[in-house]
2 protein chains.
Amino acid sequence: MPAAAAPGTTAGTAGTTADSTDASKGVRRRAGRPSAALLDQAGITAAALELIGRKGYDGLTMAALARQLDVAPSALYNHVASKRDVLLLVEDHLAALVDVSGFGAGSWEDAVRTWAWSYRDVFAQHTPLIPVIAVLPVTDAPQTLAMYETVSGGFLAAGFPEERIVSAIVALESFIFGSAYDVTAPADIFDAGSMAGATPHFTAAVRSLAARGDERPADVAFGLGLEALITGLGALRR
Amino acid sequence: MPAAAAPGTTAGTAGTTADSTDASKGVRRRAGRPSAALLDQAGITAAALELIGRKGYDGLTMAALARQLDVAPSALYNHVASKRDVLLLVEDHLAALVDVSGFGAGSWEDAVRTWAWSYRDVFAQHTPLIPVIAVLPVTDAPQTLAMYETVSGGFLAAGFPEERIVSAIVALESFIFGSAYDVTAPADIFDAGSMAGATPHFTAAVRSLAARGDERPADVAFGLGLEALITGLGALRR
DNA sequence: ATCACTAAATGAATGTCATTCATTTATTAG
DNA sequence: CTAATAAATGAATGACATTCATTTAGTGAT
């Protein structure tokens, strides 16, 4: 038994971490292997989501994440290789929230509508993930892959030629990602301010957009583009 | 050749490109005010573009930018408030490269085609700017604003109702930004690997896409979506 | 000419991050 | 019982962006 007798109390600086949130109530452990690991990928994902919800993506640092889990930052690296890995975990979790229930239920058009709107809504809250998803091999994201499978199946059942399905999905997805950014843009993004005099057409167009209504500009644009894509892509069906 | 800026818009920062690199070899100056300032926004923009071209966006650090200009990093802060400002300068420079020459020339459809493809191509090389543009008030980017003015004018001339113009442009732009990411994705991004067994429809769709051709998948998807949007949005014209 | 003013540059901090590493230790397999 | 291992610790490290007190050289007014 290697030096078991009387654990020498590495004492020291425990107080710091105190108890940021709940995380792992009370019981602080010292270095060493606990009966059950404090960390795992599911817990890291949950803590990351919690942190993002509370502090936004700027607040998502490895140190803050560790604090949330009542653990030292370096401990995270036993479970993820990098911060990017954390983002991938979050991304894949979110993919499971996208509503694909329309596929197999009603019309193809309605299924795409439901899917696209919910996809956009989910990622509008998480735009910092978009650059990550866009380049993410699907192998690394099982939930995301599952979403693609359902959607592909829906397209196939609707009569799409197999070789056009991926292109059609990619086109829709590109529009969705771009539109997700749009949701986060400031309301006055198109205000030309002092340069308005030099841009009469644009300024007038912006003004007349603002003049009408209740609906959020980002939603109007998304609806417009989505219906165009549904009609245009739908024409590919046999 | 690009640009064809809107009437009334001046060259603005265009002249920047003049002497990109050289910077001021040999002559090191000590602190103090030189006869002509070593730095200005045009020079910073040019140096940033040079650096991005050579090392990519990872290589664009304030220190590297300063070195490129043969200046201390802190000197940059006399001309830009932050690194984000540098990115804005670059973004606005690129906006001038987008081809809007079709508006006022041929058909609306062709003008949109030319504009959209060139817009995508330019930003596919600069995807790290997309999160910046998406939230960028147009006031801060005169060349970008000039682009909007030309495009708005083209839509108006084509018979679009004024209050739909901004939404239509935003929809197209969202698609363009999303598609720009797509260009940079690895070729095997959709390879399900070991999970292929669980995703038969998707895997088959990916395979049959790969089976056909010469054209890059990102280009096929972009063409497909763009034509759908042109048709669908075009129907809004009076 | 002189003198104050000011724009522009310097280099030495600062602070925030992600990430690495040598150690420590509880649990488990043999 | 012992050796191996997974999992945690805290103290570096090394990039970065950004700030600040200083320095200096043109410029414009007197």
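Biologist: Where does A:R212 lie, and why is A:R212 called exposed?
Modeller: A:R212 is in the loop between α9 and α10 (217–234) of chain A. A residue counts as buried with 20 or more other C-beta atoms, placed from the backbone, within 10 Å of its own, as exposed with 12 or fewer, and as partly exposed in between. A:R212 has 11 C-beta neighbours inside 10 Å, so it counts as exposed. One caution: this is a predicted model, where local features need pLDDT of at least 70 and side-chain atom pairs need 80 or more, while totals for chains, interfaces and linings use all residues. As for labels, residues are numbered from 1 along each chain as its sequence is written, and chains are lettered from A and ligands numbered from 1 in the order in which they are written.

Biologist: What about A:D70: buried or exposed?
Modeller: Buried, because A:D70 has 23 other C-beta atoms within 10 Å. A:D70 sits in the loop between α2 (62–68) and α3 (73–76) of chain A. Phi of A:D70 is positive, near 60 degrees, and the residue is not a glycine.

Biologist: Why is B:D70 called partly exposed?
Modeller: B:D70 has 18 C-beta neighbours inside 10 Å, so partly exposed is its class. Phi of B:D70 is also positive, about 60 degrees, in a residue that is not a glycine. The loop here runs between α2 (62–68) and α3 (83–95) of chain B.

Biologist: How many helices and strands does chain A have?
Modeller: Chain A has 10 helices and zero strands. Of the 238 residues in chain A, 39% are buried.

Biologist: Which residues touch the most other members of the largest nonpolar core?
Modeller: A:A48 and B:A48, in a core of 141 residues. Such a core is a set of buried Ala, Val, Leu, Ile, Met, Phe, Trp, Tyr and Cys residues joined through C-beta atoms within 7 Å. Beyond its neighbours within four places in sequence, A:A48 is in contact (C-beta atoms, placed from the backbone, within 7 Å) with A:L60, A:L65, A:V86, A:L89 and A:V90.

Biologist: What makes α1(A) roughly perpendicular to α4(A)?
Modeller: Helix α1 (residues 41–55) and helix α4 (residues 83–95) of chain A pack at about 80 degrees, with axes 9 Å apart. Roughly perpendicular means 65 to 115 degrees; under 35 is roughly parallel, over 145 roughly antiparallel, the rest oblique. That puts α1(A) roughly perpendicular to α4(A). In α1(A), A:Q41, A:I44, A:T45, A:A48 and A:L49 meet A:V86, A:L89, A:V90 and A:H93 in α4(A). That contact has six nonpolar, three polar and no charged residues. Asp, Glu, Lys and Arg are charged; Ala, Val, Leu, Ile, Met, Phe, Trp, Tyr, Cys and Pro nonpolar; the others, including Gly, polar.

Biologist: And why are α9(A) and α6(B) called roughly perpendicular?
Modeller: The axes of α9 (residues 200–211) of chain A and α6 (residues 142–157) of chain B come within 7 Å and cross at roughly 75 degrees. These two are therefore roughly perpendicular as well. A:H201, A:F202 and A:A205 meet B:Y148, B:E149, B:S152, B:G153 and B:L156 there. The contact holds four nonpolar, three polar and one charged.

Biologist: How many residues does each chain put into the contact?
Modeller: Chain B puts in 64 residues and chain A 63 residues. In chain B, α7(B) gives the most, with 18 residues. The chain B side divides into 37 nonpolar, 18 polar and nine charged.

Key: Axes fitted to C-alpha atoms, helices over the stretch in contact; angles between N-to-C directions. Helix = DSSP H or I, 4+ residues; strand = E, 2+ residues; numbered from the N terminus. Contact = placed C-beta atoms within 7 Å.
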